[in-house]
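Please keep the sequence and the structure in view while reading.

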Amino acid sequence: MAAFPLTSNFQGDFVLQLLPVDTENTMDEVAAAAAHHSVGRRVPARPGHTLRVRRQGASELMSRTLKVSESGLKPMECIEVIWE
Amino acid sequence: MALLGRLDWYNLARTTNWTPGSVTEDELFPPDMSGSMGIPLSKWESYDEPYKQTYPEYVKVQREKDAGAYSVKAALERSEIYEKADPGWQAVLKLHYGAFPRAEYSASTAEARMARFGKAPGMRNMATMGMLDEMRHAQLQLYFPHELCPKDRQFDWAHKSGDTNHWAIVAARHLFDDMMVTRGASEVALGLTFAFETGFTNMQFLGLAADAAEVGDWSFSNMISSIQTDESRHAQIGGPLVAILLENGKKEEAQRIVDMMIWRAWRLFSAVTGAAMDYFTPVADRKMSFKEFMLEWIVSQFERALLDLGLDKPWYWDQLVADLDHASHAMQMGFWFWRPIMWWNNPAGVTAEDRAWLEEKYPGWSESFGTVWDVITDNLLEGKKERTYPETLPMLCNMCQLPIASVPGPAWKVRDFPLEYKGRSYHFCSEGCQWCFEQEPERYAGHLSLIDRFLAGHIQPPNLEGALNYMSLAPGEIGDDAHNYAWVETIRAARQKAAA
């Protein structure tokens with residue numbers, strides 16, 4: 001377990017944000033952490049939708065159970081958190 | 001005894017180059033300090049500028065300008081202009097005074113660089129007056145807000161900002177140190193006087209003076225006009241230099257510096273001037289939008305100046321024009337949402353009247369930035385103020401040091417421009433900022449953005465308290481909503497009326 005900083009680019013938000021997570025967090029947990037800083041603050045909630053994570057520019061979504069430590073993400077890499 | 005007319009002696013008196021005997025030319029004018037680009041001393045003597053002001057004339061005119069600015073201020077001191085001003089205009093003053101006066105001293109250093117190391121005699125002459133201009137600008141813009149300090153402590157930032165690690169000041173210093181104090185005379189002339197002053201400040205000060213007059217702040221308007229007339233003179237230093245560089249085969253070098261500094265200046269202006277014109281200035285007093293202002297004065301007129309001098313439009317010109325649709329809105333939104341880390345109280349600028357103006361000036365605003373303000377407004381209407389504050393930091397660009405931000409909502413266009421350089425990851429807000437870095441990576445690579453400093457443990461404790469302390473924001477200075485959320489109540493009343 002170790003603190004791991006990412007950059008969150010949340011769908012519909014206007015700014016990139018520093019997103020402190022943990023190497024043991026899953027992508028679902030990363031998405032929830034990102035949502036904490038965007039949804040209900042500047043982005044309206046979308047009931048019935050799931051949040052998914054992908055690398056910036058990638059079309060492929062990361063597995064929801066994939067851990068940060070297994071993802072190959074670099075510290076401060078920009079992830080896109082999108083509604084599915 | 002009859003005196004010669006000025007034009008009968010001016011050029012001769014200004015021809016002050018000589019052939020050094022006891023030192024070499026490079027010792028007298030070190031290439032790094034002069035930015036001489038290998039052009040010999042003799043070639044610089046054709047440098048000419050249109051003002052041809054003499055020192056006695058300069059002193060006389062400057063004395064009159066100073067007397068005018070200070071006497072208007074004194075005459076209006078009891079008129080309570082500041083107290084009666086809309087909090088939005090008060091925010092314009094605080095942002096302006098915090099961002100610029102100390103940078104004027106840096107500009108004085110820049111002019112001194114040209115006054116001593118410029119190889120063109122005419123440049124040295126103009127820059128000597130420019131150096132004095134910038135000292136005057138610093139002193140005016142420190143003295144005027146100093147008298148407002150007893151009325152509002154946030155004005156203390158006019159003097160204090162330059163010594164802090166406030167994020168916005170780090171951004172301003174990154175640009176001004178690059179442009180003004182760490183380059184040779186030629187690069188300073190191209191970057192500061194041609195790109196920044198001709199392109200931006202000269203015009204921006206005209207607009208700012210007009211806005212101040214519109215809101216009735218004659219004291220500020222008069223002072224800014226007084227400064228602008230200096231700017232319009234010493235901003236002419238760069239143009240004749242471009243001619244010399246082009247004549248001597250240095251177009252590529254000139255274009256590169258001009259392109260870098262226009263981009264860098266544009267980024268800072270999108271934050272400072274963009275937010276002030278589109279949100280801070282009360283809607284009834286807004287003459288034109290930031291986009292209209294930029295299109296008329298910068299894109300159109302400055303573009304003509306570039307082409308007339310034989311330079312090309314910067315490669316990113318179309319991107320800059322496209323960015324006019326969203327840059328000011330994104331910066332304003334960041335200012336407001338992270339308002340506890342500002343030294344001014346930031347207006348929201350989203351009453352029904354404001355929103356109608358924004359949609360008219362920026363078609364599509366309601367579907368993009370408006371959706372974000374909808375969430376914020378609903379939270380305030382429902383008493384969830386805590387949801388209108390951030391719990392983390394915005395990512396900052398490793399070049400302009402401003403938040404990496406763009407269009408929100410359904411047309412979401414936000415993205416990072418990442419770069420790996422010598423094992424370190426850099427993040428940029430735009431292709432333009434990344435390109436600036438790549439022009440001289442070793443120059444910029446060592447700098448740490450506020451985010452880099454946070455991650456490196458420089459900010460302790462690593463929370464809001466630590467951040468405020470690191471940025472020297474004292475109690476009584478921390479920003480909040482400029483109108484104390486009164487705009488929310490106007491929206492509540494309108495909704496209740498509509499429901500009834």
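Apart from residues up to four places away in sequence, B:Leu268 touches B:Ala171, B:Ala172, B:Leu175 and B:Cys400, where two residues are in contact if their C-beta atoms, placed from the backbone, lie within 7 Å. The model is predicted: local features need pLDDT of at least 70 and side-chain atom pairs count only at pLDDT 80 or more, whereas totals for chains, interfaces and linings use all residues. Residues are numbered from 1 along each chain as its sequence is written, with chains lettered from A and ligands numbered from 1 in the order in which they are written.

- B:Leu268 belongs to helix H14 (residues 251-280) of chain B; helices (H or I, at least four residues) and strands (E, at least two) are DSSP runs, numbered from the N terminus.
- B:Leu268 counts as buried because 24 other C-beta atoms lie within 10 Å.
- The cut-offs are these: a residue is buried if 20 or more other C-beta atoms lie within 10 Å of its own, exposed if 12 or fewer, and partly exposed in between, with C-beta atoms placed from the backbone.
- Although 96 residues separate B:Leu268 from B:Ala172 in sequence, their C-alpha atoms are 7.3 Å apart in space.

**Chain B as a whole**

- Chain B contains 24 helices and two strands.
- Its radius of gyration is 24 Å, close to the 23 Å of the globule rule for 500 residues, so chain B is as compact as a globular protein of that length.
- The radius of gyration is taken over C-alpha atoms, and the globule rule is 2.2 Å times the number of residues to the power 0.38.
- The C-alpha trace of chain B spans about 85 × 60 × 40 Å along its principal axes.
- Of the 500 residues of chain B, 50% are buried.
- Among contacts in chain B between residues at least 6 apart in sequence, 78% link residues at least 24 apart.

**Helix and hairpin in chain B**

- Helix H7 (residues 101-117) of chain B has 17 residues, which at 1.5 Å a residue should span 24 Å; the end C-alpha atoms are 25 Å apart, in agreement.
- That expected span is 1.5 Å times one less than the number of residues.
- H7(B) is mostly covered, with 14 of its 17 residues buried.
- Strand E1 (residues 417-421) of chain B pairs with E2(B) in the antiparallel sense over five bridges, and pairing requires that DSSP finds at least two bridges between two strands.
- B:Pro418 stands opposite B:His427 in E2(B).
- Two residues lie between the strands of the E1(B)-E2(B) hairpin, in which B:Lys422 takes a positive phi near 50°.

**Contact between the chains**

- On chain B, 27 residues are in contact with 22 residues of chain A.
- Helix H17 (327-337), helix H19 (369-381), strand E2 (424-428) and helix H22 (450-455) of chain B each supply at least two residues to the side that touches chain A.
- By class, this side of chain B has 17 nonpolar, six polar and four charged residues.
- In this classification Ala, Val, Leu, Ile, Met, Phe, Trp, Tyr, Cys and Pro count as nonpolar, Asp, Glu, Lys and Arg as charged, and the others, Gly among them, as polar.

**Chain A and its sheet**

- Chain A has two helices and four strands, and its elements run β-β-α-β-α-β from the N terminus on.
- For 84 residues a compact globule would have a radius of gyration near 12 Å, and chain A agrees with 12 Å.
- Of the 84 residues of chain A, 44% count as buried.
- Four strands of chain A form an open sheet in the order E2-E1-E4-E3, with mixed pairing.
- Strand E2 (17-22) and strand E3 (51-55) of chain A are at the edges, each with a single partner strand, so one side of each has no neighbour in the sheet.
- Strand E1 (residues 3-10) and strand E4 (residues 78-83) of chain A pair in the parallel sense over four bridges, and A:Ser8 has A:Ile79 as its bridge partner in E4(A).
- E1(A) and E2(A) run antiparallel and are joined by six bridges; here A:Ser8 stands opposite A:Gln17 in E2(A).
- The covered face of E2(A) has A:Gln17, A:Leu19 and A:Val21, while A:Leu18, A:Pro20 and A:Asp22 are on the uncovered one.
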